Amino acid sequence: MKQQPSLSLNRRAFLKTGGLTVSSLVIGFNSAQAGSELVNLSERVAEKALVSLEVSPLVILENTGKIILMAHKPEIGQGTFQSMPLIVAEELEVSLDQVEIRQAMADKKFGNMGVGGSYSVRSEWANLRKAGAAAREMLTQAAAKTWNVPVDECYAREGKIFHKPTGKSSSYGALTEIAKTLDVPKEPKLKDAKEFRLVGKPSKRPDIPAKVTGRAKFGIDAEVPGMLYASVDRAPVMQATIKSFEDTAAKKIPGVQHVLKAERKMNKNTFQGVAVLADTYWAALQGRRALKVEWDNGQYGAFNSADITARFKELAKTDGHVDTNKGDFDTAFAGATKKLEADYELPFAAHAPMEPQNCLASVKGDTVEIWTSTQLPDDVQKETAKYLNIPPENVMVHVLFVGGGFGRRLFLDQVMEAVYLSKQVGRPVKVVWTREDDMAGGPYRPATYSRLRAGFDGAGKPVAFQHKVVAPSINDTQFGSKDPAKRQDDGAMEGLKEAPYDIPNLRFNNVFADVPVPMGWWRAVYSATTCFAHESFVDEMAHAVGQDPLAFRLNLIGENTRMKNLLTFLREQSGWEKPLPAGWGKGVAFWQFFAGQAGHVVYVSKTDKGVKIEKIVAAVDCGTAVNPDNVRSQIEGGTVMGLTAALKSAITFEEGRAKQTNFHDYQMLRLNETPPIEVHILPSSESPIGVGEPGLPPAAPALANAIFAATGKRVRKLPFDINDLG
Amino acid sequence: MAVISLTINGKKRTINADPQMPLLWAVRDVVGLKGTKFGCGMAQCGACTVHLNGKPIRSCITPVSTVANKKITTIEGVGSEARLHPVQQAWIEEQVPQCGYCQSGQIMSAVALLNTNPDPTDAEIDQAMSGNICRCGTYNRVRKAIHRASDMMKESALKTK
Ligand code: FES
Ligand code: FES
């Protein structure tokens, strides 16, 4: 295998260190040394003749005293760069300033490196604890052996093993060599939660100093000598093909080196473009502007949002796939004393992370080196290998800080695009998307259309409930469906099934809607839209029978004590029962789905034609809160993203293309529009569950429910103008 | 192409670039200071905020030729981890950043605000900061951190008196 210089250098570095099986090259960030650079640590590693003990790929102890904890998940803002090493440190009995956290490169030894579904901490909780505990036990045993004392007279604290009777101690570094000769315990004893020193206490994130000084390196900041910048002219209609292009003017722009066809592979779809490669990004942009490309839109130019709404409404008349069917909805609804029906319409949305999509790829022979912002480092490695038909080991993936994921970076199209171009021109190529590329490029959060029906008995008790969701399928647009009769996405039913309401006759329908545009997982996925319909409609039900919406919900909860506790907690923390000033209204919503569970109470006051959000109180049950301050931060962020989707932004299509192009017409909530958000964490000693997404779904329905309480106006379509409710 | 003299963070730099190139790309790609970020390219998001003679500007729409010989400050010139500016310190205390991508711009806007208005009200913070988008939704913390930085700066001013 022909290797590029940097790769072979690192292979050597790897070999020299022998037993040190850290990945051959690590982008590191030395949290113990303020002011240190984000650097390539491989050479530093190679220089030292040291003894190191790798308890698991995530925990490396050196005889120099250095304790290295690998952050094997990308940091997208959710805090795993700290929270995951913190869990190891807890069991290892070290404080966070005694460890060095290193960002891992893609490597199969780390297993699943992806971040999505609010899954990182909960999926690794047990493993991380075990890794830390195993190391602690080995060091304790090593000390007992050295001192020739019983192991149960020794204990670990702050990076040292102490001998209780005599008080003597030894540092971890000094014990590493002996510990290395011991077996790694398979079932080390984990700490009792009562003994936690780090978990459950707010602690400062080590990535933040780098993020306030401009020193943190994101994918877009990657640079290698000899690289070219690329800007790709894309079809206004995503699926269009190139008829012809004229590049004479583009090539005259100083700095432009190549103009060539580009391809962007996103799962089953491959989109075309014309790439301009230049010495500077500015020159690439200028060149792109000078291009004349003729596109063939095929059948795709006929796709319009107005038609979609009409089609969704038509589809709502059909049954689609009956996903959940409890009791006999039809009979119960037909016989109900009181009936309620409503439709809810939720739009497409773009992820719009602040860091536009980008990737630097360097293809040399049958090896590739990649620097990017991604949520799926191991998939970048595997998919690139597949794309180029080379072994995964030949793909080095540098994981940099990610300027926002929200699901967008679960797609690897930007990586494939850079890999393709680099291979074509034989030089490192850094593709940087414009904001317009990002808005137009998809994939989008599916728009959904909900039809809800409820029936009550004479006493006002709900006896029948149906939620029908008309939804495009993320899976179908990304991967295709094996069975043409089963194109609906099961995801569209997420959350509905977990909804804690105990109604005897219940039906959930999943109606597939075919759309020609790729859909994607957006923060909270289908719950981002279906929760709005569900929790707004439950509010309508409460009002229909003249009950307090929170009490109504509490009464309807059956077995789900977790949700009952959460709602009770939210009632207390939000002061739900306190009288309100004149002109105010309050609304509640809560939601449980694959990511976890949270709820909101929103307070609004009436203005001239709309309302003002006075305050939002959120409650979350995330099990054990590893870093409570970070949990709060995530719930605040989810709430803001939920409000943005409710009040600001939607993607609409005209003639096959997204109409919105940048932040002027796809707006974000801004600081002056953001209400105070209070977050309360339900005390819990359960295993951790997700926090990245649960803060999003209930925010919008709680707001809409508050608006109804204050004004009598029911919002059934997002986004809406909070200053003019019509 | 033209030879342009820039003064960035107190250092003189001479670059050879298209006079129309936005300052953002000159700073990032030619000078190599990556702390200033690209978010929209049309003065909508504030990720690219730098100071021109102490005033916040959007570097993505500022042709580099128009700022020749003027004083440019980027996030790298505000403070380093060894010598943090009170605003950066407050940002750490309040744990403002999530992904962090917008935060250079947020901090540049906040520093500019506090330079002219050491004790801003909430309404004044609204005014000064509404040009900076944070998709992660850190706004509540940004507000708190500005108040905290203001307190810190007042305290240290008292001490030095
Ligand atoms: S990049 Fe300049 S304001 Fe957005
Ligand atoms: S911290 Fe992520 S965009 Fe502001």
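Here is a walk through the interface between chain A and chain B. Keep in mind that this is a predicted model. As for scores, the model comes out at ipTM 0.98 and pTM 0.93. Chain B has an average pLDDT of 96, and 99% of the residues there score at least 70.

Let's start with who takes part. On one side, 68 residues of chain A are in the contact, and on the other, 52 residues of chain B. Put together, the two chains bury about 4800 Å² between them, with carbon and sulfur atoms giving 58% of that area.

The interface holds seven salt bridges between chain A and chain B. One of them pairs Glu93(B) with Lys204(A), whose closest N and O atoms sit 3.9 Å apart; the cut-off for a salt bridge is 4 Å. There are also 27 residue pairs in polar contact across the interface of the two chains.

Where on chain A does the touching surface come from? Helix H6 (208-212), helix H8 (281-290), strand S20 (429-432), helix H13 (435-440) and helix H18 (628-647) each supply at least two residues. H18(A) gives the largest share, with nine residues. Sorted by class, the chain A side that touches chain B is made of 34 nonpolar, 19 polar and 15 charged residues.

How values were computed:
Residues are numbered from 1 along each chain as its sequence is written. Chains are lettered from A and ligands numbered from 1 in the order in which they are written. This is a predicted model: local features need pLDDT of at least 70, side-chain atom pairs count only at pLDDT 80 or more; totals for chains, interfaces and linings use all residues. Side-chain values use heavy atoms; hydrogens and water are left out. pLDDT is the predictor's confidence in each residue, from 0 to 100. Contact means heavy atoms within 4.5 Å. Buried area is the accessible area (1.4 Å probe) that two parts lose on being put together, summed over both. A salt bridge is a side-chain nitrogen of Lys or Arg within 4 Å of a carboxyl oxygen of Asp or Glu. A polar contact is a pair of N or O atoms within 3.5 Å; within protein, one must be able to donate a hydrogen and the other to accept it, and residues adjacent in sequence count only if both atoms are side-chain atoms. Helices (H or I, at least four residues) and strands (E, at least two) are DSSP runs, numbered from the N terminus. Ala, Val, Leu, Ile, Met, Phe, Trp, Tyr, Cys and Pro count as nonpolar, Asp, Glu, Lys and Arg as charged, and the others, Gly among them, as polar.
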